[in-house]
Amino acid sequence: MKDIVPAPPPLVRNAFESVRELFSRYVVPTYSRFDIALQRGSGSHVWDVNGRRYLDLGGGIAVCSLGHAHPEITQALVEQSQKLVHVSNLYYHEPQGRLAQQLVGHLAPGKVFFSNSGAEANEGLFKLARRFGHDEGRFEILTATHSFHGRTLAGIAATGQDKVKKGFGPMMPGFRHVPFNDLAAAREALSPATVAIMIEGIQGEGGISPATPEYLLGLRRLCDERRMLLLMDSVQCGHFRTGRFQSFQRILEGTDAPDFVPDGVSMAKSLGGGFPMGAFWVRDIHADLLGPGAHGTTFGGSPLGCAVALKILEVIERDRLADNARVTGEFLKVSLQRLIDAYPQVLRSVRGLGFMLGLELAPKEAIPALAASEKTASIQFVNLLQEAGVLAIPSGLQVVRLLPPLNLTRAQAEEGIGVIERVVKSLA
Ligand SMILES: Cc1ncc(COP(=O)(O)O)c(C=O)c1O
């Protein structure tokens, strides 16, 4: 299996500079990338082109659900690619049907549409909402401030952050933003044209903010009262990252609302573990709103992607990785809280559930070693973690996200906390 794709020869001796040179000449510069060129990975570790090893607590921004180079994903890719890679959505094939069945089984009665990405999954839900309200002239969707829903034109219109909209106006009409976790604000913002509310169960790009149980239950009631769709963007917070399939299931544990069911749920990221795929689930009562010809995609739900996603679900269940995310995630959270208590001049708080955690730093001006730089505190902190051998994801000015693979071990979590502690200590 190992030799199917032989490693390419190294480009030149100074491997990092030569890779960066290729990017600066030929890749559209939409990202401020870190000065690291990665070459290979295994489990929760990755190696750069100079052979340096990092513990990957960013997980490709919540994508690498089984870590890197998982042998069973490789095997699923190879076996399925020897049978059928792509057929288009003009035909039936078993992997797509079986994957849809499993996702429905994890959620509630309904149906699934497969896409290529999170943004495209959300686009499908926006179209579902528009179709739902069309005959009554309702089209408006409320989303939350600090939300993130993707980079397409509808995605940036839906996203509650100005920075993604700047320079791309006029925005697509039909989206308005309301403060997150504020039920009264949502109720007040409704207009006769409002047809749906979309939120993330835990805001990811906005800095790891979980919805409260009261907010989720209140939005469900409000949507029922006003015949609106409640849409959950689970692209980042879904797929067992919080210890349950969906973050709202985890958030609502212990409340007397076991049958909270949204009308639509978008998924991507961990679903394919690095194979690019997305999906949206729609509740049974609305499942036939998008009929033949109403929506489509060339690549979504390919046999290859679905075989990988099925294998990921199988491994998550067999290896009890949801429990691991819950238990090892709690260990990370408690350990981070201990660091916050010990170094209050550097760290402020830790938020999130399971393997979706946000470590809030003190403002840059309050940390002398970070104050002089033009870079945000979060980027400088992530740079220091990288120098010490850990990858994490900055979020906004002063939050660092941990979104590790679901199979991160306790020993690896301890390794990560050890590195974070060293970095925090050096700033105190
Ligand atoms: C909550 C949420 N929705 C949507 C998206 C967009 O997904 P994609 O980048 O796959 O289009 C993201 C990506 O970060 C996300 O976090």
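**Ligand and cysteines**

Analyst: Happy to! In this predicted model, a polar backbone atom of G118 sits 2.8 Å from an oxygen atom of the ligand. The protein buries 81% of the 390 Å² that the ligand exposes when taken alone.

User: Which side chain has an N or O atom 2.8 Å from an oxygen atom of the ligand?

Analyst: A polar contact needs N or O atoms within 3.5 Å. The side chain with an N or O atom at 2.8 Å from a ligand oxygen is that of Q236.

User: Which helix gives the largest share of the shell around the ligand?

Analyst: The ligand has 13 residues around it, and among those that come nearest are G118 and A119. The shell divides into three nonpolar, six polar and four charged residues. Its largest share, three residues, comes from residues 118-133, helix α5.

User: How many disulfides does a search of the whole structure find?

Analyst: A disulfide is a covalent bond between the sulfur atoms of two cysteines. The cut-off for the two sulfur atoms is 2.5 Å. C223 has its closest cysteine sulfur in C237, 17 Å away, which is too far for a bond. Over the whole structure, the number of disulfides found is zero.

User: Is C237 buried or exposed?

Analyst: Buried means under 20% relative accessible area. C223, at 1% relative accessibility, counts as buried. C237 has a relative accessible area of 1%, so C237 is buried.

Conventions. Residues are numbered from 1 along each chain as its sequence is written. This is a predicted model: local features need pLDDT of at least 70, side-chain atom pairs count only at pLDDT 80 or more; totals for chains, interfaces and linings use all residues. Side-chain values use heavy atoms; hydrogens and water are left out. Buried means under 20% relative accessible area, exposed over 50%, partly exposed in between (1.4 Å probe, protein chains only). A residue is near a molecule or strand if one of its heavy atoms lies within 4 Å of it. A polar contact is a pair of N or O atoms within 3.5 Å; within protein, one must be able to donate a hydrogen and the other to accept it, and residues adjacent in sequence count only if both atoms are side-chain atoms. Accessible areas come from the Shrake-Rupley method with a 1.4 Å probe; for residues, only the protein chains shown count as cover. Helices (H or I, at least four residues) and strands (E, at least two) are DSSP runs, numbered from the N terminus. Ala, Val, Leu, Ile, Met, Phe, Trp, Tyr, Cys and Pro count as nonpolar, Asp, Glu, Lys and Arg as charged, and the others, Gly among them, as polar.
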